[in-house]
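Please examine the sequence and the three-dimensional structure shown below. The report that accompanies them is written for a reader who is new to protein structure.

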Amino acid sequence: MVKKDTRLTLILPNLSPVLTQKINTPILPNYFKKIMAHAVFSAEKSGLSRVFLNYFSETAHVGRDLPLAALTSKTNALHADPCYLHADRDQILLFSDDLTLTNEESLALISEIQPLFDEVGGKLRLTESGQWLLDLNRLATVSFTALDDVKGKSVQGHLPKGDDLEQKKWIRLWNEVQMQLYISPINQQRTNAGKAPINSVWFWGAGTLTLQQKAWTQVQGHSTLLQQLANKTNTPMNASINNEEKYDVNALTSGEYLCLLNEFDLEQDWLATLNDVDNKILKPLWKQCKMLRINTLTLHIPEHGTYRLTGLDCWKFWKL
């Protein structure tokens, strides 16, 4: 029996670098290539956070920043996420992942730099999810850049922009935070332990947030942001699925489903992981789509694009 209006969107994070290397094309797994060949492709360079937010928002967010601070604060707020700035020739690169920062270290570092935020009427705090949030007396009048859009890249061109005096104030504050963190005993301990120092913060996440309630029948995946968006929109969230588990296609009834797979680790054997995904997830989904039991299957690869496959697309024999 055909299931009516069953649509599944599957997000495969950190797979974009694999697809941008044409040398990898011949070794991609069978069903992944089938879907790519038969589906309608739309290029999209959005990072994972923007992908999540746009899937829950009434309108797409296309500006520099993403108003995600509103998820964890009812006041005027900014994210002030800890990061590591690395000088590389004539540019400064920003890194914020895998910093192995403990809550104790976060609280100590926040205490050290808190006095610097008095000028902007800000109170820096650690959230339950481990993020650093800056509550402000009034909303900042400059624009910021979302963290996802700066990770691993040069900060040049992504610093606060707006009114000249306000812009200079926020950039000066950013520099003062770096100077204070440079002499932090916590960072000395981290350096001695072979860890990257927390030598800066990144301001972002300003603005109001308008979300679409119950945009999805169910979401699935392991992500703090995805959980926050599901909670805010009263969307049911199921247990996460890893890349080695078989997808339970029989659990899909009529509705729209959003599923996030674990991030692909490109430092490990990504091809073995992708083969597991192909055999245990993409293969059964392809078959269900071909039998018209799934109306639409969408593979969304952040920073690359989307592959939208319908049941009729599967029967286009003239494609690979």
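## Basis of the report

The structure is a predicted model, in which local features need pLDDT of at least 70 and side-chain atom pairs count only at pLDDT 80 or more, whereas totals for chains, interfaces and linings use all residues. Residues are numbered from 1 along each chain as its sequence is written, and side-chain values use heavy atoms, with hydrogens and water left out.

Helices (H or I, at least four residues) and strands (E, at least two) are DSSP runs, numbered from the N terminus. A residue is called buried at under 20% relative accessible area, exposed at over 50%, and partly exposed in between (1.4 Å probe, protein chains only).

Helix H7 comprises residues 224-232, and its buried residues are Leu-225, Leu-226, Gln-228, Leu-229 and Ala-230. The cover over these buried residues includes helix H3 (48-56) and the strands E10 (218-220), E11 (237-238) and E12 (255-260). Here and below, contact means heavy atoms within 4.5 Å.

Both ends of H7 have a local feature to inspect. At its start, a side-chain oxygen of Ser-223 comes to within 3.4 Å of the backbone nitrogen of Leu-225. Just after H7, Asn-234 adopts a positive phi of about 55 degrees.

## The pairing of H3 with H7

Two packed helices are described by the angle between their axes and the distance between the axes. The axes are lines fitted to C-alpha atoms, for helices over the stretch in contact, and the angles run from 0 to 180 degrees between N-to-C directions. For H3 and H7, the packing angle is about 15 degrees and the axes are 10 Å apart. H3 is therefore roughly parallel to H7; angles under 35 degrees count as roughly parallel, over 145 as roughly antiparallel, 65 to 115 as roughly perpendicular and the rest as oblique.

Which residues of the two helices meet? Ser-49, Phe-52, Leu-53 and Phe-56 in H3 are in contact with Leu-225, Leu-226, Leu-229 and Ala-230 in H7. By class, this contact of H3 with H7 holds seven nonpolar residues, one polar residue and no charged residues. In this classification, Ala, Val, Leu, Ile, Met, Phe, Trp, Tyr, Cys and Pro count as nonpolar, Asp, Glu, Lys and Arg as charged, and the others, Gly among them, as polar.

## Val-219, a residue of strand E10

Val-219 is located in strand E10. Because its relative accessibility is 0%, Val-219 counts as buried. When neighbours within four places in sequence are left aside, Val-219 is in contact with Phe-56, Ala-230, Thr-235, Pro-236, Met-237, Asn-238 and Leu-258. Phe-56 of H3 and Ala-230 of H7 also take part in the contact between those two helices.

## The pairing of H2 with H8

Helix H2 (residues 30-38) and helix H8 (residues 270-290) pack at an angle of about 50 degrees, and their axes lie 7 Å apart. The two helices are therefore oblique to each other.

On the H2 side, the meeting residues are Asn-30, Tyr-31, Phe-32, Lys-34, Ile-35 and His-38, and on the H8 side they are Leu-274, Asp-278, Leu-282, Lys-283, Trp-286 and Lys-287. The contact of H2 with H8 has six nonpolar, two polar and four charged residues.

## Two residues of helix H6

Helix H6 spans residues 185-192 and includes Asn-192; Asn-187 is also found in H6.

Not counting residues up to four places away in sequence, Asn-187 touches Leu-109, Leu-181, Pro-197, Ile-198 and Asn-199.

## The loop between E4 and H4

Asp-98 lies in the loop between strand E4 (91-95) and helix H4 (103-113), and Thr-100 is found in that loop as well. Asp-98 has a positive phi of about 55 degrees although it is not a glycine. Thr-100, likewise a residue other than glycine, has a positive phi near 45 degrees.

Asp-98 is exposed, with a relative accessible area of 76%. Thr-100 is also exposed, at 52%.

How values were computed: Polar contact = N/O pair within 3.5 Å; in protein donor to acceptor, adjacent residues only side chain to side chain.
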